[in-house]
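Have a look at the structure, then read on.

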Amino acid sequence: MNPVGPRKVVATSAALAGLSLVLAACSSGAGNDPASYPDDDIEVVVPFAAGGPTDTVTRMIAEPMAEELGVQLVVQNVEGAGGTVGAGQVAAEDPDGYTVLMHHIGMSTAPALYGEQLAYDPVEDFETVGLVTEVPMTVIARSDFEPDTFEDFVTYVQEHESEVTMATAGEGAASDLCGRLLTTALGVEVTVVPYDGTGPAMEDLVGRQVDFMCDQTTNTTGQITEGTVKAYAVTTPERIESLPDLPTTAEAGQPDVAVSVWHGLYVPAGTPPEVVEKLTAALQVALEDQSVIDQMAELGTTPVDAERATPEAHTELLTEQIATWGDVIGTQGG
Ligand code: MLT
């Protein structure tokens, strides 16, 4: 009998068990103990190109959130398919709080637009952290586009239909949703030119490569003010302070072209509640940061109140919006 043999085997199993625990801890990023969260950088996935409105809002809140959490928030642009590629990537990540998604109203339109092709369920596959902001949209065109007013624009587009090109950030993007509302209201079919985000789309609009776009004030205010694009209307019920001369779509005779783009933060489903709570608390601090309030005001928006920046309120909004836009898109025939 060799007592060493069996003991060796036991010792090896214990070592392997220990090693697999260490490997599991390593594979889920840094410390996965919710009590010590966060103790490493947090990746924030923006599902559109850099330089666009989602990226802009994310970078505004990333700094004060990082300060509050005591780690870096590293913004990653994972663009494609109207925001669904980046969202799908986050849904598949470890639920440890080290990968966060910033997404907008497209989170609620994707189920109706993509159906079974959508790789994730916006409600089941995520935990909500909270709502961030709601951004008005503007109907804008290249600076040398013929029509000068929204009324002229309507007539021009109805007369030229598919000769007119409309930039969007892909099916599922906010620009796509606003474009659908607009073209449906006007009863026209224009030629859609999809981009990975309205950051690059804006470059082409300023460069006069496309005719028009419906995009958020966080991306359009600077260009409108500088006159590098032509602005026709804002999509909110009231005029906005940052662009007071711009008529509303309702004033210009198109009340159905009404949409504001809400943005929210998410983590993969199964993320511990303590981790979500810490992210929500940091988000609420960022939304009260004076520099965030000022930057947003310049771009025509405001951070939401703390009671809307909670998982409960945001889940309620998301669920309601999935139903609302599902109906609208369904009526339009998908
Ligand atoms: C959109 O149209 O959904 C946005 O403008 C996307 C972006 O941030 O580029």
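1. Where is Arg208 found? Arg208 sits in the loop between α7 (198-206) and β7. Helices here are DSSP runs of H or I with at least four residues, and strands are E runs of at least two, numbered from the N terminus. The phi of Arg208 is near 65°, a positive value in a residue other than glycine. Arg208 also belongs to a network of salt bridges, along with Arg142, Asp144 and Asp211.

2. Some ground rules before going further. This is a predicted model, in which local features need pLDDT of at least 70 and side-chain atom pairs count only at pLDDT 80 or more, while totals for chains, interfaces and linings use all residues. Residues are numbered from 1 along each chain as its sequence is written, and side-chain values use heavy atoms, with hydrogens and water left out.

3. Ala81 lies in the loop between β2 (73-77) and α3 (84-91), and is partly exposed at 39% relative accessible area. (Buried is under 20%, exposed over 50%, partly exposed in between, with a 1.4 Å probe and protein chains only.) Then there is a cis peptide bond between Tyr37 and Pro38, with omega about -5°; Pro38 is in the loop between α1 and β1. I flag these since most residues other than glycine have a negative phi, and most peptide bonds are trans.

4. That loop between α1 (4-27) and β1 (42-46) also holds Asp40, which is partly exposed at 37%. Asp40 is one of the members of a negatively charged surface patch, with Asp33, Asp39, Asp41, Glu274 and Glu277. Patches take residues with over 30% relative accessible area and no salt bridge, joining like charges within 9 Å and nonpolar side chains (Val, Leu, Ile, Met, Phe, Trp, Tyr) within 5 Å. Areas come from the Shrake-Rupley method with a 1.4 Å probe, and for residues only the protein chains shown count as cover. Lys and Arg count as positive, Asp and Glu as negative, with His and the chain ends not counted. Each charge is placed at NZ of Lys, CZ of Arg, CG of Asp or CD of Glu.

5. How many disulfides does a search of the whole structure find? There is 1 disulfide (a pair of cysteine sulfur atoms within 2.5 Å), joining Cys178 to Cys214 with an S to S distance of 1.8 Å. The pair links distant parts of the chain, 36 residues apart: Cys178 in helix α6 (174-186) and Cys214 in strand β7 (212-216). Cys178 is buried at 0%, and Cys214 is buried at 0% as well.

6. Now the salt bridges, of which the whole structure has 9 (a side-chain nitrogen of Lys or Arg within 4 Å of a carboxyl oxygen of Asp or Glu). Glu134 and Arg308 pair at 3.3 Å, N to O. They sit 174 residues apart, with Glu134 in strand β4 (126-142) and Arg308 in the loop between β10 (302-303) and α11 (311-332). Glu134 is partly exposed at 31%, and Arg308 is partly exposed at 32%.

7. Asp148 and Lys230 meet at 2.7 Å, N to O. Asp148 lies in the loop between β4 and α5 (150-160) and Lys230 in strand β8 (229-234), so the bridge ties together parts 82 residues apart in sequence. Asp148 is exposed at 52%, whereas Lys230 is buried at 16%.
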